[in-house]
Structures are given as structure tokens and as C-alpha cells.
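Let me put the structure up, and then I'll walk you through the parts I'd like you to look at.

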Amino acid sequence: MAQPLKVGIAGLGTVGASVVRVIEEERATLAARCGRPIEVVAVTARSRGKKRGIDLRNVRWISDPQTLASDREIDVFVELIGGAGEPAHGAVAAALKAGKSVVTANKALLARHGLALAQAAERSGVVLNFEAAVGGAIPIVKTLREGLAGNSITRIYGILNGTCNYMLTRMEHEKLSYDECLKEAQKLGYAEADPTFDVEGHDTAQKLAILASIAFGSKIDQSAVYVEGISSITPEDLAWADELGYRVKLLGVAMRTDKGIEQRVHPTMVPKASQIAQVMGVTNAVTVDPEGIAPITLVGPGAGGMATASAVVADIADIARGTQVAPFGWPTARLKRSGKAPMQRHEGGYYIRLLARDRPGTAATIAKRLAQQHISLESIVQRHREAPLQGGGAPGRSGAAVPVILITYATTEDAVRKALSAVSRDRVISAKPQVIRIEKN
Ligand SMILES: NC(=O)c1ccc[n+]([C@@H]2O[C@H](COP(=O)([O-])OP(=O)(O)OC[C@H]3O[C@@H](n4cnc5c(N)ncnc54)[C@H](OP(=O)(O)O)[C@@H]3O)[C@@H](O)[C@H]2O)c1
């Protein structure tokens with residue numbers, strides 16, 4: 001059998017320890033598939049004494065990631081520390097410079113330094129693989145880079161954060177408020193003590209920036225992503241969505257438009273019959289719209305030690321086999337500036353929930369403001385609910401607040417914002433309007 005591929009792993013936490021375990025447990029399968037064994041020969045983490053439930057007796061312990069990165073014995077440096085700063089960044093850069101191939105699960109690092117790292121990999125003629133950085137076990141990077149190498153992509157969108165999808169699922173099914181749901185998610189370990197990064201959409205934005213670069217051959221640019229999280233979503237919105245044939249998901253969407261590449265993360269109404277609407281709990285899903293063929297949806301576990309290790313080990317196996325693909329699927333010299341499409345020019349349907357004052361002329365005023373912006377309505381629901389509304393007054397009496405739900409035909413973000421500002425100035429509503437964009441499949 002050929003020479004083994006020698007691997008050094010920096011970071012032995014949730015993912016790193018699982019990678020060591022999978023390489024050990026699948027030793028024979030990996031050797032048979034790759035035509036050579038894969039061996040973990042050196043590791044590093046913060047604390048040497050920590051119990052990790054893995055056998056490291058025949059593995060060298062290296063004092064720090066930077067030293068491991070340029071260790072003479074290793075062929076591949078696997079970075080599973082996390083974070084866009086040090087020591088992850090310096091160690092990955094050092095490994096590439098030293099001519100080592102790199103595998104990482106670090107979306108933050110790629111979103112910030114992806115282009116420079118890809119250029120460094122190219123200069124050294126080595127591989128930079130990062131399947132695990134997006135969608136956990138879902139092989140979306142490979143699908144875009146290799147499986148769809150002959151297809152132009154028009155749009156890619158997905159549920160890329162399990163915490164948000166778990167929370168929206170629970171809110172919908174159990175009619176829980178956002179705060180109740182967050183507390184529960186934290187108790188179960190699905191949400192961090194500080195959940196901001198997940199619930200405000202930044203995690204999804206980093207992953208989307210990576211996917212957009214591969215799909216559209218653009219230079220990765222996280223700052224080009226419009227980001228809105230799920231904290232404003234109420235059980236009431238989810239109930240209205242259900243009634244109107246939709247479900248609410250936090251989507252990352254990247255699409256080619258004639259104004260550039262639109263990249264956005266926000267709560268989104270998707271038709272209940274769509275594949276993406278069926279994805280519940282912590283599961284992730286990505287849909288790719290290639291030109292000329294029907295959309296392709298991949299669904300699977302987006303996080304967790306074993307799910308993420310599955311993608312990391314597949315990346316290592318590719319290196320063992322000798323597979324070399326440009327990190328973002330295109331030589332870096334061919335990657336274009338992303339040409340950010342401004343959000344004001346986003347076109348699509350909108351769900352708008354207004355708390356309208358129940359008095360003569362309100363409906364006419366709202367209709368006038370929408371008409372001034374050429375917004376046409378697909379449906380309008382105005383209902384005096386039996387139960388008093390959150391934040392509203394008692395229903396049904398003159399001057400009290402009544403929910404009005406509008407579903408628009410395709411219009412622009414700019415038109416919606418202008419119409420709603422005018423409606424607010426007219427004093428016919430008694431709370432900030434809720435706006436949720438609709439994504440048709
Ligand atoms: N967990 C997931 O489900 C998941 C999913 C997709 C992607 N990822 C990505 O995978 C990467 C690892 O995540 P994780 O969940 O495994 O993190 P983790 O459990 O916190 O593990 C981090 C590891 O890095 C080590 N480390 C931290 N600072 C270090 C330093 N200065 N020098 C050396 N080692 C250091 C830690 O050492 P000690 O153990 O000694 O403290 C630990 O072993 C991150 O980029 C993350 O975004 C994770």
C-alpha cells in the first residue's frame with residue numbers, strides 16, 4: 001500500500017475529538033477508499049491534561065498550533081480551533097506557507113481571510129478544504145465546487161443555522177414566545193449563553209458568504225451580506241404565516257441579479273409545500289438553482305461533533321486521494337469583485353403586519369400609500385381576533401388596534417419602506433409594522 005497521509009490536528013474539542021475518533025474507527029474503510037492509510041501523527045490543544053475520550057498514546061503532543069502547522073512530519077494541517085483571529089489564522093497561514101494542505105471547519109476564518117488563504121494555497125500548490133464550515137455534514141461545498149462545475153448558478157439559499165431553525169420550529173409548534181423558546185434552547189444546549197451571533201443571523205451570513213463565492217465565482221465579502229435575525233418574530237406571525245400557506249425560516253439567500261449579487265439573511269416566508277419548509281429542528285438544508293435544471297436540495301445535520309467530523313474526514317480523504325480543486329472552485333485570479341446589489345432594490349413579495357387603528361378612513365389611507373408606491377396586494381386579511389393582541393388594545397372598538405395582514409405581489413424593498421413610513425406618519429397604525437420577505441421556490 002502507498003505511503004500513509006500524515007495528519008496533524010489543532011483543536012481537540014467537540015469536532016477535533018470526533019475527527020480523531022472517526023479516523024480511528026474508519027481506518028480500514030478510509031485506507032481502502034483512498035488507496036492509502038490516513039494517520040493522525042500529531043495534535044495540539046490548549047490543555048494537555050484534559051480528558052477527551054480518545055486514544056492519543058501513539059500521537060505526538062505539540063506545544064502550540066503554529067509549531068504543529070510547520071511540523072516536518074505532517075502532510076495535512078487540520079485546524080479545529082475556531083475564530084478568525086489567533087491562533088487559528090496564523091497557524092493556517094503558516095501551514096499553507098510551509099506547503100502543507102489544510103482542512104478547516106472555521107467559517108469565521110474563511111469569511112474574513114478566505115481569499116488571502118486561497119491565494120496562499122495556490123502559491124504553494126496545496127489544498128485548502130473547508131466542507132465542514134457550511135452545513136455540517138451536508139456536502140454542499142463539494143456539490144458546488146465539483147458536482148455542479150458545469151452549471152451556472154442563479155440562486156442558492158438555505159437554512160444554515162440549527163439554533164434559529166430549532167427556535168422557529170418550537171415557536172410554531174408550541175406557540176412559545178421568542179424569549180421562552182430561547183431559554184429552552186439554552187437549557188438544551190442548542191443555543192449559546194450569548195446567542196447573538198446565531199439569532200441575529202451573523203453565523204448564517206458567514207456561511208452564505210462562503211457559498212456565494214463558490215456559486216458565483218466572486219471574491220468572498222461578508223460585508224456585502226444584508227443581515228436581519230429572528231428576534232422580532234412573534235408566535236402571531238407564525239400563526240398568520242400558517243393560515244396564509246407559509247412557514248417562517250431564517251434563510252441565507254444569494255442570487256444573481258442584473259444589479260449584482262444579492263446576499264441577504266433574514267426571516268423568510270416560504271410556501272408550506274416547498275422542500276425547505278419541511279426542514280424542522282436543528283436540521284440544515286441548502287437549495288441550489290442551477291440554470292436549465294430543476295433545483296437541488298440537500299438536507300442534513302448542520303452541527304455536532306460527529307456530523308462536522310464527517311465533512312472534515314471527507315476533506316482529508318480527498319487529499320489522501322490526490323484530489324485538488326481550487327478552494328472556492330475557481331482560480332483566485334478569476335474570482336470577481338462581488339458587485340453588491342443594494343437591499344433597497346431587492347424585489348419580491350412581502351408579508352406586512354400592521355396594527356391599524358380601528359376607525360373610519362384607516363383602510364383607505366393604507367391603500368392610498370401602497371398605491372402611491374405601485375404596490376399591489378395578493379391578499380389582505382383584517383380581523384377582529386377574539387383574544388386581545390400582544391401590544392395592541394382591545395379589538396373591535398373604534399380607535400382600538402386591529403391586525404391587518406397584507407401579502408404583496410412582487411415589489412421592491414424601497415417601495416415597501418417608503419409606503420410604511422408614510423403610513424406611520426399618517427398615524428393610522430399603533431405599532432412598528434412587521435415586515436417579512438417572501439421567497440418563492
Ligand atoms: N461544534 C460544531 O457543531 C461545529 C459545527 C461546524 C463547524 N464547527 C467549527 O469547528 C471548529 C471547532 O469547533 P468546536 O465546536 O470543536 O470548538 P471547541 O469544542 O470549543 O474546541 C476548540 C478546541 O480548540 C482548542 N483551542 C482553543 N484555543 C486554543 C489555543 N489558543 N491553542 C491551542 N488550542 C486551542 C481547545 O483546546 P482545549 O480543549 O484544551 O480547551 C479545543 O480543543 C470551529 O471553527 C467551529 O466553528 C463546529
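Before the first pair, a term: I call something a salt bridge when a side-chain nitrogen of Lys or Arg sits within 4 Å of a carboxyl oxygen of Asp or Glu. Also, please keep in mind that this is a predicted model, where local features need pLDDT of at least 70, side-chain atom pairs count only at pLDDT 80 or more, and totals for chains, interfaces and linings use all residues. Residues are numbered from 1 along each chain as its sequence is written, and side-chain values use heavy atoms, with hydrogens and water left out.

So, how many salt bridges does a search of the whole structure find? The count is 28. One of them joins Arg155 to Asp289, with the closest N and O atoms 2.9 Å apart. Arg155 is in strand S7 (residues 153–159) and Asp289 in strand S11 (residues 283–290), so this pair links distant parts of the chain, 134 residues apart.

Asp426 lies in the loop between helix H14 (413–425) and strand S17 (434–438), and Arg369 is in helix H13 (residues 362–372), so the pair ties together parts that are 57 residues apart in sequence. Arg369 is buried, with a relative accessible area of 18%, while Asp426 counts as partly exposed at 25%.

For contrast, take Lys259 and Asp258, which form a salt bridge at 3.9 Å, N to O. Asp258 is exposed, at 75% relative accessible area, and Lys259 is partly exposed, at 26%.

Now strand S10 (residues 260–271). Of its 12 residues, 12 are buried, so S10 is largely enclosed by the rest of the structure. Which way do S9 and S10 run? They run antiparallel, with 12 bridges joining strand S9 (residues 246–257) to S10; for two strands to pair, DSSP has to find at least two bridges between them. A hairpin joins S9 to S10 through two residues, and Val248 has Met269 as its bridge partner in S10. S10 also pairs with S8 (residues 226–227) in the parallel sense over two bridges, and Val227 stands opposite Val265 there. On to S17, which runs parallel to S10 and is joined to it by two bridges, with Thr268 opposite Arg437.

Last stop, the ligand. It is surrounded by 22 residues, the closest being Leu12, Val15, Ser47, Arg52 and Gly304; near here means that a heavy atom lies within 4 Å. A backbone N or O atom of Val15 lies 2.8 Å from an oxygen atom of the ligand. Polar side-chain atoms come in too: one from Arg46 lies 2.9 Å from a ligand oxygen, and one from Lys50 lies 3.0 Å from a ligand oxygen.

Definitions and conventions. Helices (H or I, at least four residues) and strands (E, at least two) are DSSP runs, numbered from the N terminus. Buried means under 20% relative accessible area, exposed over 50%, partly exposed in between (1.4 Å probe, protein chains only). A polar contact is a pair of N or O atoms within 3.5 Å; within protein, one must be able to donate a hydrogen and the other to accept it, and residues adjacent in sequence count only if both atoms are side-chain atoms.
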